[in-house]
Amino acid sequence: SDNNLEIEAFVSEINISKIAVENPVSFTLDAYQDEDFMGRVSYVDPGETLIDDVVNYKVKVSINDDLRVKSGLTANLTFITSEKAGVLVVPQYSIVKEGKEMFVNKVLKDGKIVKTPIKIGAVGQGGDTEVVSGLSSGEMIQADVKN
């Protein structure tokens, strides 16, 4: 049937803990490369599926009614598991981990650099990391980039 189409995808065991029923899903279709479509996770299989000896879990995504979506089209999915607005973020590469503690190198107004402990929250797919405490908006940090 062309009604109530679903997308079936397999999610690795590393990422399955982030996926839940009702999570929004953004997807593109190879047939409509410049357009984004939306759906929602409707089912997460409780049992694993081995693909090339790697544990995966089948996930079904129900899609919003759109007559352009046809059975058999190839979809590229982005699962939206968490969204936060108005948070302070730093690049993940600027964070130094020592044991269980995290630090950034804060640049003071006089040019001195001070190792400053921070607490982090969510980490985005692109590497942006939420800073929950230890920094304020507008403070400068120096990345600890090693060649």
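Modeller: A strand here is a DSSP run of E with at least two residues, numbered from the N terminus. The model is predicted, and S17 is placed in the loop between β1 and β2.

Biologist: What makes you count S17 as buried or exposed?

Modeller: The cut-off for exposed is over 50% relative accessible area, and S17 has 66% relative accessibility, so S17 counts as exposed. S17 also lies 10.0 Å from T81, C-alpha to C-alpha, although the two are 64 residues apart in sequence.

Biologist: What is the strand order of the open sheet of five strands?

Modeller: The order is β1-β4-β3-β2-β5, and the pairing is antiparallel. β1 (6-12) and β5 (75-79) are at the edges because each has a single partner strand, which leaves one side of each without a neighbour in the sheet. Neighbouring strands of this sheet are turned against each other by 40° on average, with direction ignored.

Biologist: How do you know that β2 and β3 pair?

Modeller: Pairing requires at least two bridges found by DSSP, and five bridges join β2 (residues 24-29) to β3 (residues 32-51), so the two strands count as paired, and they run antiparallel. P24 has R40 as its bridge partner in β3, while L29 stands opposite Y32 in β3, and a hairpin of two residues joins β2 to β3.

Biologist: Which residues touch the most other members of the largest nonpolar core, and why is it called a core?

Modeller: The name applies to buried residues of the nonpolar kinds that are joined through side-chain atoms within 4.5 Å. The largest such set has 15 residues, of which I16, I19, F27, V59, I63 and V69 touch the most other members. At least two residues come from each of β1, β2, β3 and β4 (54-63), and β4 gives the largest share, four residues. Another core lies apart from it, with seven residues, among them V90, I95, M102 and L135.

Biologist: What is I63 in contact with, once its neighbours within four places in sequence are left aside?

Modeller: Contact requires heavy atoms within 4.5 Å, and by that criterion I63 is in contact with L5, I7, F27, M38, G39 and V69.

Biologist: How do you compare the protein with a compact globule?

Modeller: A compact globule of 147 residues would have a radius of gyration near 15 Å, whereas the protein has 21 Å, and the C-alpha trace spans about 70 × 35 × 30 Å along its principal axes. Buried residues, those under 20% relative accessible area, make up 24% of the 147. The protein exposes about 10,300 Å², of which carbon and sulfur atoms supply 47%.

Conventions. Residues numbered from 1 in each chain as written. Predicted model: local features only at pLDDT ≥ 70, side-chain atom pairs only at ≥ 80, totals over all residues. Heavy atoms only, no water. Axes fitted to C-alpha atoms, helices over the stretch in contact; angles between N-to-C directions. Rg over C-alpha atoms; globule rule 2.2 N^0.38 Å. Buried < 20%, exposed > 50% of the residue type's maximum accessible area, 1.4 Å probe, protein only. Areas by Shrake-Rupley, 256 points an atom, 1.4 Å probe, with all protein chains shown as cover.
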